[in-house]
Structures are given as structure tokens and as C-alpha cells.
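Here are a few friendly notes to read alongside the model. Keep the sequence and the 3D view open as you go through the points.

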Amino acid sequence: MATRTTRLTLKTSIEETLLSKVLCYPKPSQEELHKRLEQLRALNIEELILEGPHKINGLNVIGKGCDSLVVKALLKDRVIALKIRRVDSHVKNLLPEGENQKMANSVNVGAKVYAFSEDFIAMELIEGVHIDVFIRQASRDLIEVVIRDLLEQCRRLDLIGLDHGELSRAHKHIIITTQAKPVIIDFSSSSKQRKPSNVSSVFSFLFLSKTELSHVLCQKLNVSFTRDVAIKALREYKKSLSEESFKRILELIV
């Protein structure tokens, strides 16, 4: 069923009440709204495009979490995704997340970040299906290509010392686009202080988690390795991060 679309421009004060419901969710206030509008103008955001599967205060958004909302927005005639820090978020600001996501972008990982501020991240709009849906629908050959690409992206994150932090729940943090490109999203838990475990986390989620999804994937790819062999390969990789140890992980599945 189609969802309603509401467009709110930042150029006039007529729609401030509606803007406040989104930009200052869940505690609208004029003072906070004006502070946030200044940030959006500095980021060159022209308009909010409110549509999507989630509702807040009667308005549609494309994402809703404990610390943030995600809406579509207009940036210099380009439709983008705009992450908005909730007023009641335990996260003080989005600057570290924006910096870490740009770091991921430097190795061609994640949605491209255009700009960010204390309360907003303006980034590339990624449309597709989450990886669990993709695995159930796609062919074996396509799944092999996508998972290899995904693991190579995770390795690049490992090599620059950036741990995503949530890839043990990959079904919530990996979208497969219509061009069959895996995109890692949501760097809110990312850190440069932890030892990175991106390859290990994704591989374990996909092949060792004993979930129904893991069972479906193993059947589709006809994998034959034992759990002990996989764990040994992951430990060797995590210890050395060498190209040779990474290749041994890929050889288990392709």
C-alpha cells in the first residue's frame, strides 16, 4: 500500500509546527527547532520529503530508531537520506558517526556521506532489500557474488581499523541494492578504538549462527565446511589480518 508523502520546505516559517515534529522528535520546541534549522541550512538541505513505512506524529519517515530518525530530503536537487538525532537520544551528537562513516567511504564502504553536523548526517539514499530477504529470494550464483563483495568490504574496514560494531546483526545493517550491491549502513556503533571484527561478525552471522537464515544460505551455497574448520580460519584471520588467511575464509564458501 502506498504511503502518504508530505514535503516541507525550509525556506519559510509557515510549516514550522510540522518541521518541529520531525526535526525535534519526540519533544518539539521552538528553540531546538531554530538551532536545527540553522544546521540544515548550513548543510544546504532545502526540503524534507516525508514518506516511508514508519509513522511519527502522523508523518511518514523511512527509518525510526531509539536514537535517530531517517527521512528523505532534498540537497541541491538531489534526493538523499537525512539522519536526524532524536532530542531524547543518549548520543550527544552525530559528529563521531559522520566522521567514521566518511572513513568507511574512503575505502568504498557505506552510503556516501555528503555533509554532517551535530544533529544530522546527509548521505546517499540507499534503496533495496535487507540481506535476509535477498538471501531467500536470490539465486546461488548471485548470492556468491554478493557475499564475496560484502566480505571484501568488511576486510577493508578491518584493515583501516574501523569496527562497525553491529554486524553480528547483519540483517538490520546490510542492504542489497537492485544492482545486487551490498551496502553496509548505520555506523552509529562504529569505533576506531576496538579491535575490528567485521569479517568475523558477518561470516559468523551468515554461516555459524544456527538460525533459519543461516540454514537456508548454507543449503543454497551447498557449503561443506565444519564449524570447527570455520572457527579456526576466522581465528587465524583475526590474529593476522593477512591476505592469505582471508582467502582461506573465501575458499570455504566460493
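**Notes on pockets, salt bridges and one serine**

1. By class, 15 nonpolar, 16 polar and 13 charged residues make up the lining of the largest pocket. Here Ala, Val, Leu, Ile, Met, Phe, Trp, Tyr, Cys and Pro count as nonpolar, Asp, Glu, Lys and Arg as charged, and the others, Gly among them, as polar. The model is predicted: local features need pLDDT of at least 70, side-chain atom pairs count only at pLDDT 80 or more, and totals for chains, interfaces and linings use all residues. Residues are numbered from 1 along each chain as its sequence is written, and side-chain values use heavy atoms, without hydrogens or water.

2. The volume of this largest pocket is about 1200 Å³. Of its 44 lining residues, Gly63, Val70, Lys172, Ile185 and Asp186 are the closest to the centre. A pocket is an open set of points on a 1 Å grid over the protein atoms alone, where a 1.4 Å probe fits and protein lies on both sides within 12 Å along at least five of seven lines; lining residues have an atom within 4 Å of a point. A volume is the space filled by probe spheres set on the points, which are joined across faces, edges and corners.

3. Which element gives the most to that lining? Helix 3 does, with four residues. Helices (H or I, at least four residues) and strands (E, at least two) are DSSP runs, numbered from the N terminus.

4. Now try Lys83, whose side chain meets that of Glu97 in a salt bridge (2.6 Å, N to O). Lys83 lies in strand 7 and Glu97 in helix 3, so the bridge ties together parts 14 residues apart in sequence. A salt bridge puts a side-chain nitrogen of Lys or Arg within 4 Å of a carboxyl oxygen of Asp or Glu.

5. Lys83 also forms a salt bridge with Asp186 (3.1 Å, N to O). Buried means under 20% relative accessible area, exposed over 50%, and partly exposed in between (1.4 Å probe, protein chains only).

6. Finally, look at Ser214 in helix 8 (residues 212-221), which is buried at 4% relative accessibility. Its side chain reaches the backbone oxygen of Leu206 at 2.9 Å and that of Phe207 at 3.3 Å.

Methods. Polar contact = N/O pair within 3.5 Å; in protein donor to acceptor, adjacent residues only side chain to side chain.
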